[in-house]
Amino acid sequence: MKIQTILAAGAMTVAAVAAQNAQAGAVLDGIKDKGFVQCGVNTGLPGFSAANAEGKWEGIDVDVCRAAAAALLGDANAVQYTPLTAAQRFTALQSGEIDVLSRNTTATTTRDAKLGLTFVGINYYDGQGFLIPKALGVSSATELDGATVCVEPGTTTELNLADYFRAKGMSFEPVVIENINEATAAFFSGRCDVYTTDASGLASIRTQMAENPDDYVILPEIISKEPLGPVVAQGDEQWSDVVRWAFTAMVEAEEYGVTMENVDDMKANSTNPGIQRLLGVTPGMGEALGLDEAWAYNIIKQVGNYGESYEKNVTAKLGLERGLNALWTDGGLQYAWPVR
Amino acid sequence: MSENAKLPPLPTGTFATRAITWSKKNLFDGWFNTILTLGSIAFLMWLIPPIVEWAIVNATLSPTIEGCAEATGACWGFVNANLRLILFGTYPFDEQWRPLLAMILLMGIICGSLGAVKYPSFRKAIIPMWVIGVPIIAILMWGGVFGLTYVQNSYWGGLPLTLILSSIGVIFAFPFGLLLALGRQSHMPAIKTVSVVYIEVIRGVPLITVLFMASVMFPLFLPDGVTIDKLLRAQIGIILFTAAYLAEVFRGGLQAVPRGQFEAGDSLALSYWQSMRLIILPQALRLVIPPTVNSFISMFKDTTLVVIIGLFDFLGTVKLALRSDPAWTKYYVEGYAFAAAIFFLICFSMAKYSAYLEKELRKGERR
């Protein structure tokens with residue numbers, strides 16, 4: 001805790017200085033000069049950012065960086081990745097070691113306001129939940145009074161857990177285990193009644209680690225909000241616009257039904273003015289952002305729309321349905337600001 | 001004749017009777033040893049068969065998740081399927097011959113240097129080998145010249161990274177540690193104080209703190225836009241840390257050299273450096289071979305800590321592979337067992353070499 005306070009204080013000082021020094025467009029110009037986007041990613045979180053068997057980074061967080069590179073440089077592969085731990089991530093962004101941080105980072109007030117960062121979008125709505133064995137005979141988290149709970153220490157997960165039980169006037173016994181493999185092993189061997197982490201994590205643990213996934217259920221209560229999204233440093237509004245609209249274009253494309261496969265056809269034949277604006281048939285959007293008019297076309301052609309990225313990474317790797325991350329028209333929260 | 005009478009009688013009889021005599025003397029000598037022997041046998045019989053069954057008999061090498069799901073034993077298929085990721089990390093797939101070549105070259109130089117110690121005529125070749133070899137390794141890893149594509153070192157990983165971190169660590173920590181040890185023995189107060197403070201401060205903090213500071217705090221103090229490479233920061237942290245420990249090992253060696261040796265140097269009118277180089281250090285360093293190698297082994301294993309600053313050493317790439325696909329995650333025991341085996345192999349070789357070196361350098365005394 002103490003280290004975090006010191007770090008935050010140091011980070012704030014630097015952020016203040018950096019904000020004064022940074023000139024508009026400095027990051028953007030830097031990226032154009034070197035010809036690639038330096039992207040901070042998780043050191044390994046399947047579905048979000050993980051290296052595949054060939055050592056290439058993959059995931060929905062990785063796709064945000066690829067989209068930004070496609071929009072700015074016209075090539076989704078013009079990205080270099082810097083794997084970062086949770087403790088390093090903000091320093092790396094503030095010191096200019098990376099251009100964008102896309103590392104399942106929860107947007108919060110302090111991070112946005114005090115650390116000199118700008119959250120440019122939410123590419124994954126997550127929240128903390130509970131995994132229990134069916135044999136426990138519990139159907140709601142409110143029945144968990146007195147339960148033994150396996151949890152990883154030092155995370156917001158642990159704090160949310162304490163908050164939730166205190167608010168409900170219930171007691172619990174935490175079993176704190178640092179290593180995720182050991183923590184899940186402890187849960188599946190019956191050392192604790194409940195395992196808690198973000199819902200995306202619970203789903204993957206249930207499908208991949210359980211001997212028989214059907215013996216376990218995720219309780220319906222989600223006890224915290226974890227809006228995860230890409231972050232840039234304050235001070236270069238033009239660059240933060242590029243990342244924001246690169247991600248937005250992916251969602252907008254899904255709303256319009258533009259996919260990697262049909263994008264050429266849509267560009268040539270669509271009469272929908274929204275699609276024509278998005279794909280640069282009607283020029284103006286690229287110019288407004290200081291980008292090539294084909295910026296969104298490049299994203300969709302090379303990376304795909306949001307739904308495709310989600311499908312390919314989160315659904316395929318973790319077996320997670322869209323849930324909160326469905327489009328607003330399907331009852332989810334993904335709602336693109338209009339590209340116009 | 002009287003000399004021979006003191007020796008134990010030569011074993012006689014058939015192999016079986018000799019075996020019985022031997023085991024009576026060594027294994028069943030009294031009730032306590034008998035219980036210990038039987039207990040140990042029972043323990044091994046309880047321990048070993050399940051391990052053999054798991055690791056060999058029921059294991060599978062099939063590099064697919066389905067193949068592993070069918071096997072009741074170890075899933076070595078995890079290692080098999082992800083071998084290149086485990087060995088080379090996120091280094092671009094098509095360019096992985098470069099770290100492979102660099103690693104072979106580095107091993108060659110290390111083995112060459114170690115072997116050359118025995119043959120004085122080859123000793124002169126050690127320094128040129130490193131001076132030529134290290135730039136070649138750097139060119140192979142980084143590229144950017146001779147038509148090799150440039151590879152940022154945030155992509156380096158696996159065994160090459162572990163070997164680079166530890167061998168560069170040894171090369172720089174050794175002389176630095178030696179200087180610190182000499183500094184601590186110095187008669188000049190300024191040098192002595194600086195050395196003592198440095199050694200005590202560094203020994204007083206864990207390596208993980210040094211790495212954490214180097215990676216998280218240090219960049220905050222640099223001017224805007226200036227970044228020092230993450231790998232370089234970690235490497236310097238490891239060197240500074242190991243040097244402090246080596247300094248104390250060397251001090252032990254220096255203190256064990258009899259005072260008369262120093263005086264002998266003085267009486268021959270040798271300068272400080274001459275007497276150190278020709279008289280003191282050869283004796284002092286030979287005395288501390290075991291603790292020095294001990295420090296190196298511990299440093300080699302400490303390089304795995306770089307995982308906390310987002311670098312993937314060999315253990316880190318095993319973790320990376322475990323997370324490459326959630327379906328592999330449950331085979332972490334196999335992954336860690338493989339990493340442990342490789343680490344053991346390297347550390348054990350270091351220990352064996354140290355024993356050999358001691359024997360080699362003690363020949364003068366045995367005569």
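Predicted model: local features only at pLDDT ≥ 70, side-chain atom pairs only at ≥ 80, totals over all residues.
Helix α3 of chain A covers residues 60–73, which makes 14 residues. From its first C-alpha to its last it reaches 20 Å, close to the 20 Å expected at 1.5 Å a residue. How many of the residues of α3(A) are buried? The count is 14 of the 14, so the helix is largely enclosed by the rest of the structure. A residue is called buried here if 20 or more other C-beta atoms lie within 10 Å of its own. Just after α3(A) comes A:G74, whose phi is positive, at about 80°.

Further along chain A there is a sheet. Five strands of chain A make up this open sheet, and their order across it is β10-β9-β11-β8-β12. The pairing is mixed. Which strands lie at the edges? They are β10 (172–176) and β12 (216–218) of chain A, each of which pairs on one side only. From one strand to the next, the twist averages 30°.

One pair within the sheet can be followed in more detail. Strand β8 of chain A, residues 128–133, pairs with strand β11 of chain A, residues 194–198. The two are antiparallel and joined over 4 bridges. In one of these strands, β11(A), A:T197 is the bridge partner of A:G129.

Helices also lie against this sheet. Helix α6 of chain A (residues 156–167) packs on the sheet and touches β8, β9 (147–151), β10 and β11 of chain A. The direction of α6 makes about 160° with that of β9(A). Helix α7 of chain A, residues 180–188, lies across β9, β10 and β11 of chain A. Helix α7 runs at about 155° to β9(A).

The next topic is where the two chains meet. In chain A, 37 residues are in contact with 32 residues of chain B. On the side of chain A that touches chain B, at least two residues each come from α1 (2–21), β2 (50–51), β4 (79–84), α8 (199–209) and α14 (306–318) of chain A. The largest share of that side, 7 residues, is supplied by α1(A). Sorted by class, the side has 17 nonpolar, 16 polar and 4 charged residues.

Chain B can also be viewed by its domains. Its domain assignment gives domain 1 as 96–151 and domain 2 as 160–315. Between the C-alpha centres of these two domains of chain B the distance is 23 Å. Where they meet, 5 residues of domain 1 of chain B are in contact with 4 residues of domain 2 of chain B. On the domain 1 side there are 5 nonpolar residues, no polar and no charged ones.

Terms used
Residues numbered from 1 in each chain as written. Chains lettered and ligands numbered in written order. Pairing = 2+ DSSP bridges. Axes fitted to C-alpha atoms, helices over the stretch in contact; angles between N-to-C directions. Contact = placed C-beta atoms within 7 Å. Expected span 1.5 Å × (residues − 1). Buried ≥ 20, exposed ≤ 12 C-beta atoms within 10 Å, placed from the backbone. Nonpolar A, V, L, I, M, F, W, Y, C, P; charged D, E, K, R; others polar. Domains from an automatic or database assignment.
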